[in-house]
Every structure is written in structure tokens, then in C-alpha cells.
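The entries follow in the order in which I checked them.

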Amino acid sequence: MSQLIAIVVAVACALPGVFLVLRRMTLMSDAISHAILPGIVLAFFLTESLSSPLLILAAAGTGVLTVVLVELLQRTKLVKEDAAMGLTFPALFSIGVILISRFAGNVHLDMDAVLLGELAYAHLNRLEMFGIDLGPVSLYVMGTILVLNLVFILLFYKELKLATFDASLAASLGFAPALIHYGLMTLVSITTVGAFDAVGSILVVALIAGPPATAYLITDSLARMLILSAILGSLNAVSGYWLAHLFDVSIAGAIATTTLLMFGITFLVVPRRGVIAIARRRHRQKLEFAQTMLVIHLLNHEGLPEAEQESQVSHLQEHLRWEPPFAAQIVRYALENRCVSQKNGQLALTERGRGIAREALVH
């Protein structure tokens with residue numbers, strides 16, 4: 001049951017997280033997860049119940065208030081977005097702490113539950129109706145939020161896509177990007193609040209940012225990015241659960257670690273965008289550039305009296321200022337590409353090499 005809760009939470013967080021990653025607002029989820037505290041406290045004062053749905057609504061409202069305050073500060077042009085978040089959410093969080101310490105001193109804030117959460121105990125909070133056990137409350141809450149996120153994205157997919165990539169064009173076409181933005185931030189707030197009870201604020205941020213950031217490295221398609229984010233979030237949840245079971249550690253902490261590992265592996269090995277692929281591409285470009293220099297050098301001296309001396313491999317270090325190992329590497333590369341031929345230590349251009357040299361000189 002804990003695995004199912006983790007999967008539902010991961011998918012529910014990953015879907016709106018895609019748009020936060022694309023909008024470069026990922027840390028907004030962290031700001032919201034801390035700033036919701038005064039909303040929860042005020043709702044608790046009104047209801048005197050920790051299980052009231054009003055707590056979720058009040059916390060979500062506080063999350064939207066956080067977004068509004070951040071944007072108001074940012075629009076002044078006096079501070080940037082990161083500074084605006086750094087000013088807003090500590091202030092709201094501090095208000096919540098002050099309210100608790102002043103008016104609810106007997107309320108216990110457990111550090112493990114707040115920062116990491118504990119999925120192992122999430123299934124113990126059961127939903128009962130007419131004496132019938134219907135299952136964990138967290139599963140119903142996050143399942144409802146997941147459906148809400150799916151419906152919102154499906155209904156406003158075109159508007160979300162346009163407002164995310166070109167807000168000015170969206171406004172000129174009458175799509176009301178500000179309304180779409182606040183609708184998305186409301187969903188992020190509700191998702192953060194709903195997941196907070198089961199997994200804690202740290203894992204909420206990890207699940208909102210990790211799978212979408214990983215999917216962003218893999219694909220350029222928004223639709224595929226949404227699907228991949230949901231799949232990766234589910235894989236992280238399941239693998240993190242069993243990692244925690246294997247090493248007897250916090251499930252939420254293990255899932256966050258697995259999310260980081262998944263991103264790190266993808267960051268290294270993904271085709272085209274991975275560190276390894278980029279390093280190989282830069283190395284190949286370096287070889288191709290040096291090969292072009294070699295064939296141009298040979299073409300410039302072709303048919304001249306000094307051609308025999310200039311085409312000797314041993315003279316490349318002097319004339320092209322290459323170290324002997326690098327010169328030997330470039331000669332091998334050019335020979336493999338059939339740009340030059342070699343006989344008795346002298347290089348000669350092939351038709352292919354001559355064409356590459358002439359094309360480079362023209363451009």
C-alpha cells in the first residue's frame with residue numbers, strides 16, 4: 001500500500017512539475033511547501049481539527065498568496081525572482097511558527113514528519129465510512145489531486161503550452177496567460193499541501209523537480225515530457241521504496257536519493273545532451289577542426305617546391321604547432337577518413353581531402 005501511495009504522489013507531483021521546470025520556477029514548490037504553514041495554523045484554529053479539508057484549502061490559498069507576493073516583488077524590478085522567494089517564504093513560514101508558539105504551544109511539530117515524511121505510516125491513517133474501512137486517507141487525497149491535475153492539463157494543454165513558451169504571444173491571442181499561470185500555481189499549491197502529509201516538504205520538492213528535469217534531458221516534446229515524468233516518478237517511487245527496505249532507512253529519503261541518482265545517470269549518459277555525449281561531440285569537433293587545418297596546410301603547399309618538406313609528418317609540430325602525440329592522432333584520423341594518404345613519412349591529399357580544404361577556404 002505504501003508503494004501505491006508513493007506512486008500516486010510521484011505522478012501527481014511530476015505533472016505540474018513539468019511546467020515549473022520549463023518556466024524555471026522549480027524552487028517555487030519549495031517556497032510554497034514552507035509558506036503554507038500559516039494557512040494550516042489559521043485553519044486549525046478555526047476547525048480545531050487536523051483532519052479537516054479546510055486545512056488543505058487554507059494551505060493552498062496561502063501557497064497562491066506566496067506566488068502573488070513573489071511576483072509583486074519581482075515586478076518592482078528592485079529584486080529578482082530568487083531574492084523575492086527568499087524574502088517571501090521565510091516571512092510566511094516565520095508567521096506560522098510564531099502563531100504556533102504563541103497560541104498553540106501544545107502542538108507538536110515532528111522534524112522527521114515535516115522534513116522527510118514517513119510513507120511507512122501513511123497507510124495507518126484510514127478513511128472509514130459507516131464502519132467500513134475504505135483505505136488510506138492519503139491515497140484518496142492524492143488520487144483526487146492527481147485526477148484534478150490531469151483534467152486541468154488535458155483541458156488547458158494548448159493554453160499551458162503557449163503561455164509557458166511564449167507568454168506575450170499567448171496574451172496577444174487572448175489566452176489570458178496570467179489566469180493560466182495562477183491556475184497552475186493553485187494546482188501546485190494543492191499538490192504540495194496534499195503530498196505534504198504523506199511524504200514531507202523535501203520529497204515534494206524532489207518529486208516535483210526530479211522526474212521533469214530528467215525527462216527534459218531526454219525529449220523536446222512537451223507531451224512526451226509529461227508522460228516520461230510520470231513514468232520516471234513512478235520508477236523512482238518503487239525503487240526508492242525497495243532501497244529503503246533493503247538498507248532500513250527512511251522511505252522518503254530513499255526516494256529522494258533515487259530521484260537524484262536517476263537524474264545523475266541520465267545527465268551523464270543520455271544521447272545528445274548527456275555529459276558523455278557532449279564530451280565526445282567536442283572531441284570529435286576538435287579532431288575535425290584539426291583535420292581541416294591539416295588538409296588546408298597541405299593544399300596551400302601542394303605543387304610548390306617546399307611541398308615535400310611541408311608534407312612530412314615530422315614537420316607538422318613545427319608548422320602547425322602541434323605536439324607530436326596530437327599530430328600523430330590527427331594524421332591517423334585523417335587517414336581513417338581518407339582525406340590524406342601516407343607514403344614514406346610524407347602526406348598527400350586525396351580528392352576527398354582536397355574538397356574539404358577548398359570548401360573550408362570558400363566558407
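Helices here are DSSP runs of H or I with at least four residues, numbered from the N terminus. I noted that H13 gives the most, with four residues.

The model is predicted, so I kept in mind that local features need pLDDT of at least 70 and side-chain atom pairs pLDDT 80 or more, while totals for chains, interfaces and linings use all residues. Residues are numbered from 1 along each chain as its sequence is written, and side-chain values use heavy atoms, without hydrogens and water.

I listed the patch members as Ile265, Phe267, Leu268, Val269, Val275 and Ile276, with about 510 Å² of accessible area together. Accessible area comes from the Shrake-Rupley method with a 1.4 Å probe, and for residues only the protein chains shown count as cover. A patch of this kind joins nonpolar side chains (Val, Leu, Ile, Met, Phe, Trp, Tyr) within 5 Å, from residues with over 30% relative accessible area and no salt bridge.

I checked Val269, which lies in helix H13. Val269 is exposed, at 54% relative accessible area (exposed means over 50%).

Next I turned to the domains. The assignment, automatic or from a database, gives domain 1 (2-273) and domain 2 (276-362). Their contact (heavy atoms within 4.5 Å) takes six residues from domain 1 and four residues from domain 2. I found zero salt bridges between domain 1 and domain 2 (Lys or Arg side-chain nitrogen within 4 Å of an Asp or Glu carboxyl oxygen).

Notes:
Patch = residues over 30% accessible without salt bridge, like charges linked within 9 Å, V, L, I, M, F, W, Y side chains within 5 Å. Helix = DSSP H or I, 4+ residues; strand = E, 2+ residues; numbered from the N terminus. Buried < 20%, exposed > 50% of the residue type's maximum accessible area, 1.4 Å probe, protein only.
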